[in-house]
Amino acid sequence: MDALRTPDDRFTGLPDFPFEPHYVEVPSGDGGVLRMHYLDEGPRDGEVVLLLHGEPSWSYLYRTMIPVLTAAGLRAVAIDLVGFGRSDKPVRRKDYSYAAHTDWTWVAIEAIGLDAVTLVCQDWGGLIGLRLVAENPDRFARVVAANTMLPTGDHHPGKAFLAWQKFSQEVPVFPAGQIVNGATVTDLSPEVIAAYDAPFPDDAYQAGARQFPLLVPTSPDDPAAARNRAAWAALGEYDRPFLCAFSDSDPITGAAEPVLRGHVRGAQGKDHVTITGGGHFLQEDQGPRLAEVVVDFIAAHPR
């Protein structure tokens with residue numbers, strides 16, 4: 001599998017991002033290996049909070065949440081998905097699949113050695129993370145789902161998502177930073193927008209970012225539909241603490257919140273939270289607030 005690696009100097013001097021990089025290698029699936037990047041902050045003996053990002057962001061998305069989590073004595077780990085951030089980027093779009101991303105992320109979790117995980121997931125971080133919770137429930141102590149879902153292809157994805165999918169395939173230049181900015185309720189600074197563009201020196205690095213919108217199951221015969229149906233059924237039986245912390249201004253995933261809350265056994269009876277003043281990327285709009293919700297949820301539900 002041919003893959004590109006973003007030069008390190010692209011990540012120099014990013015605003016509010018003092019964290020050291022860490023790496024693990026995962027099998028590419030064709031006999032080779034891919035390098036995945038992750039952040040690892042806070043005490044090694046602290047409870048693990050795994051932060052999974054979505055499309056087209058990377059672990060930079062969690063920069064304002066990590067200090068709040070570590071100040072509470074938690075270990076914050078944020079993985080860059082393959083094709084994003086400082087992780088390797090296969091150059092062929094056909095090398096990206098829902099199954100491959102789920103498997104790569106699971107291998108990274110095992111390689112880092114994470115257990116009793118509190119998952120915090122948004123966007124594609126939930127499409128991957130919630131499936132991993134369903135398939136490996138004993139590894140996850142708690143879940144905080146924020147602006148995400150586990151689609152099976154059996155329901156209409158919504159006009160907003162279909163419009164995004166169409167845009168992602170037709171726009172001549174894929175403007176990652178502007179996409180993130182357009183899905184927040186606050187205006188990001190030029191420097192922050194540039195930080196979201198940093199992983200992609202040119203279009204050759206963006207195969208994953210271009211392909212991701214096409215990997216969301218939107219029909220019952222989608223290649224990922226069967227495995228997601230099984231995961232959705234299993235997620236319904238997940239009885240460990242599960243919290244929905246969606247924002248109040250996300251046209252893409254907002255309708256998923258009551259569905260998740262009503263389906264997952266561990267979500268029953270919880271005081272679910274609506275993060276006010278947040279768009280789709282609520283970590284940008286209300287990162288410290290979301291981090292406080294995570295800290296309080298862990299404290300209220302000790303293992």
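Biologist: Ground rules: helices are DSSP runs of H or I with at least four residues, numbered from the N terminus. On that basis, what is the place of Tyr 196?

Modeller: Tyr 196 sits in helix 6, which covers residues 190–197. Keep in mind that this is a predicted model.

Biologist: Noted. Is Tyr 196 buried or exposed?

Modeller: Tyr 196 has a relative accessible area of 0%, so it is buried.

Biologist: By how much are the C-alpha atoms of Tyr 196 and Ser 57 separated?

Modeller: By 6.3 Å. Along the chain, Tyr 196 and Ser 57 are 139 residues apart.

Biologist: Pockets now. What volume does the largest pocket have?

Modeller: About 850 Å³. Its lining takes in 36 residues.

Biologist: Which of them lie nearest its centre?

Modeller: Met 149, Pro 157, Phe 161, Ile 252 and Thr 253. Helices 3 (124–135), 4 (159–170), 5 (176–182), 7 (207–215) and 9 (256–263) are the elements giving two or more residues to the lining.

Biologist: Which helix gives the most to the lining?

Modeller: Helix 4, with 4 residues.

Biologist: And how many lining residues are nonpolar, polar and charged?

Modeller: The lining of the largest pocket has 22 nonpolar residues, 9 polar ones and 5 charged ones.

Biologist: Switching to helix 2. How far apart are its end C-alpha atoms?

Modeller: 21 Å. Helix 2 has 15 residues, 98–112, and at 1.5 Å a residue they should span 21 Å, so the two agree.

Biologist: Which residues in helix 2 are buried?

Modeller: Tyr 98, Ala 100, His 101, Thr 102, Trp 104, Thr 105, Trp 106, Ala 108, Ile 109 and Ile 112.

Biologist: With which residue does Asp 103 form a salt bridge?

Modeller: Arg 227, with the closest N and O atoms 3.3 Å apart. The pair links distant parts of the chain: Asp 103 is in helix 2 and Arg 227 in helix 8, residues 225–236, 124 residues apart. Arg 227 is partly exposed too, at 29% relative accessibility.

Biologist: What comes just after helix 2?

Modeller: Gly 113, which takes a positive phi of about 90°. Further along, Ala 116 has a positive phi as well, near 50°, and Ala 116 isn't a glycine. Ala 116 lies in the loop between helix 2 and strand 7. At 16% relative accessible area, Ala 116 is buried.

Biologist: What about phi of Asp 16?

Modeller: Positive, near 60°, and again in a residue other than glycine. Asp 16 is in the loop between strand 1 (3–4) and strand 2 (22–27). Asp 16 is exposed, with a relative accessible area of 58%.

Biologist: Back to charges. How many salt bridges in the whole structure?

Modeller: The search finds 19. One of them joins the side chains of Glu 47 and Arg 303, at 3.2 Å from N to O. That pair links distant parts of the chain, 256 residues apart. Glu 47 is in the loop between strands 3 and 4, and Arg 303 is in the segment after helix 10.

Biologist: Is Arg 303 buried or exposed?

Modeller: Exposed, with a relative accessible area of 68%. Glu 47 is partly exposed, at 22%.

Biologist: Which residue meets Asp 115 in a salt bridge?

Modeller: Arg 139, at 3.8 Å from N to O. Arg 139 is in the loop between helix 3 and strand 8, while Asp 115 is in the loop between helix 2 and strand 7, 24 residues apart. Asp 115 counts as partly exposed, at 48% relative accessibility.

Biologist: Which residues are linked in a network of salt bridges?

Modeller: Asp 40, Arg 44 and Arg 75.

Biologist: Last one. Which residues does the UniProt domain annotation cover?

Modeller: The unreviewed UniProt entry annotates residues 48–285 as "domain: AB hydrolase-1". In the model, that span is 39% helix and 13% strand, and its end C-alpha atoms lie 24 Å apart.

Methods. Residues numbered from 1 in each chain as written. Predicted model: local features only at pLDDT ≥ 70, side-chain atom pairs only at ≥ 80, totals over all residues. Heavy atoms only, no water. 1 Å grid on protein atoms, 1.4 Å probe; cavity = no way out; pocket = protein on both sides within 12 Å on 5 of 7 lines; lining within 4 Å. Points joined across faces, edges and corners; volume = space filled by probe spheres on them. Nonpolar A, V, L, I, M, F, W, Y, C, P; charged D, E, K, R; others polar. Expected span 1.5 Å × (residues − 1). Buried < 20%, exposed > 50% of the residue type's maximum accessible area, 1.4 Å probe, protein only. Salt bridge = Lys/Arg side-chain N within 4 Å of Asp/Glu carboxyl O. UniProt positions renumbered as here; feature names shortened; annotations may be inferred.
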